[in-house]
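Let's walk through this model together, one piece at a time.

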Amino acid sequence: MPKNKPKRSAPSIDMTAMCDVAFLLLTFFMLTAKAKPQETLVIDTPSSISETKLPDAGTLTVLLGKDGKIFLDMTGQHTRLDLITNIDTAYALKLSDEQKMKFANLGSFGVSRSQLKKFIDLPSAERTAFPAAGIPVDTADVNKSELADWIHRARLAQFRMKQSGKVKEEYVIIVKADRDTPYPAVQKVINTLTDIKVNKFNLITSMEGKAEKK
Amino acid sequence: MAEIAQDGGGGHKKGGKVRSKKMSTRIDFTPMVDLGFLLITFFMLTTTLAKPQIMALVMPDKDIKLEDVEPVKESKVLTLLLGGNDKVYWYEGITDAKLDSTDYSAEGVRQVILNKMDKVREQFQLETYKKKNKDGEEIEYKDGSYINVIIKPTKDARYKNLVDALDEMAITKVRYYVILDVSPLEEEFMKNPAGGLKFSVEEQVDAATK
């Protein structure tokens, strides 16, 4: 290139690089942003000063609604598939492979074992409308408590998955209850957990807001 | 890519014929970038805010035996009974326990705990000391924080009350606290504070291990 004539370019800025970066970031945030899972149970958590964040993976959440209904949610598709296969064989629910797959991708659920099949078969839009009574708890006899059974088997499933290298961590047990849940309902869950030797668990709280303090 | 056709349309080409002026193929990227950053801001804010906090809670093992536990000094014990309507009933020790009530505000139950700490510190002549925590901040610890708080939510309490009480434990740095069920004797005590607390160790153990 001859250098004798200084080229006069238009005083415009090259936006390409900026645009590239902007959209790269945009793609990143869009992909990492989790789609809000279907709210089968609306829970308004109480606030606390705790600053520990909820882990992304390896959580087993017991959801406890205002009316004391108990729902369960757990992360990990492999674990869920293993868990439902396990439950299916143990209680002869006669679920098809497709139904098991559906369960693996399901969000939270709060139906008794006998209603599970019906619940899975519903199209996802109708699941929120399903009159879920929550997972039954028997505080008198832990062996009869479906909640205890679910949690126990889920932890075992996660352990198996960890051994086969499909997940990295064992389950952290999380209790997510509404601020207005009466204590006896919370007590039921805590008793069930301690009955199956889960003595360490976490309560979900939201950030302490100034407006909330009375 | 934004710099395509830098010279802005064909100007002086060979041939000298006057051609219709070509439109510039440059695109103004500014609105696109604007939109991009707007969306980035949106997604950044929503992703970080969506993550809830967790609060760890350790419950005592149910199979614990009375022989295995060390008795605590009665004068170090503060019992909080979480009642309905966001009220906290509390009493110190067992002998001649006086029932008092307060609320969950910073002037309420927090002061009760801090007062108890001061009392215990004075009684047992404990010193305060400064120590760095894991973040390197210097924090004043009191030996008096070794009080034993027993949190007993009644059936009228709601979940928020329990979390608030646990939060106070974190704020006042109480080292030893436990959640237990309310015993029938305490229920009676709450109904009739003048009658005094009739306490039985057996009942407490029963409540803790049942």
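Two residues are in contact here if their C-beta atoms, placed from the backbone, lie within 7 Å. The model is predicted, so local features need pLDDT of at least 70 and side-chain atom pairs count only at pLDDT 80 or more, while totals for chains, interfaces and linings use all residues. Residues are numbered from 1 along each chain as its sequence is written, and chains are lettered from A and ligands numbered from 1 in the order in which they are written.

Let's begin with chain A. Helices (H or I, at least four residues) and strands (E, at least two) are DSSP runs, numbered from the N terminus. Chain A has seven helices and six strands, and their order along the sequence is α-β-β-β-β-α-α-α-α-α-β-α-β. A residue is called buried if 20 or more other C-beta atoms lie within 10 Å of its own, exposed if 12 or fewer, and partly exposed in between, with the C-beta atoms placed from the backbone. Of the 214 residues in chain A, 32% are buried. Among the contacts in chain A with a separation of 6 or more, 69% are between residues 24 or more positions apart.

Now look at where the two chains meet. Chain A brings 46 residues to the contact and chain B brings 40 residues. On the chain A side, at least two residues each come from α1 (16-32), β2 (52-53), β5 (172-177), α7 (183-195) and β6 (200-207). The most comes from α1(A), with 10 residues.

Strands of a sheet pair through backbone hydrogen bonds, either parallel or antiparallel. Two strands are said to pair if DSSP finds at least two bridges between them. Strand β1 of chain B (residues 53-58) runs antiparallel to β2(A), and two bridges join them. Here T52(A) has I54(B) as its bridge partner, and K53(A) stands opposite Q53(B). Six bridges join β1(B) to β6(A), again in an antiparallel arrangement, with N202(A) opposite A56(B).

Within chain B, five strands form an open sheet of mixed pairing, in the order β4-β3-β2-β7-β8. Its edge strands, each pairing on one side only, are β4 (100-102) and β8 (176-179) of chain B. Inside the sheet, β2(B) runs parallel to β7(B) (residues 148-153), and six bridges join them. In this pairing, T79(B) has I150(B) as its bridge partner.

What about the interior? A nonpolar core is a set of buried Ala, Val, Leu, Ile, Met, Phe, Trp, Tyr and Cys residues joined through C-beta atoms within 7 Å. The largest such core has 72 residues, and L64(A), V186(A), L80(B) and L162(B) touch the most other members. Helix α6 of chain A (residues 146-163) gives the most to this core, with seven residues. Leaving aside residues up to four places away in sequence, L80(B) touches V88(B), W90(B), V109(B), V149(B), I151(B), K152(B) and A165(B).

Why is α3(B) largely enclosed by the rest of the structure? The reason is that 10 of its 13 residues are buried, including L162(B), V163(B) and A165(B). Just after α3(B), K173(B) takes a positive phi of about 55°.

Two loops deserve a stop as well. Most residues other than glycine have a negative phi. A92(A), though not a glycine, has a positive phi of about 50°. A92(A) sits in the loop between α2 (77-91) and α3 (97-105) of chain A, and counts as exposed because it has 8 C-beta neighbours inside 10 Å. D86(B) likewise has a positive phi, near 55°, and lies in the loop between β2 and β3 (88-92) of chain B. With 16 C-beta neighbours inside 10 Å, D86(B) counts as partly exposed.
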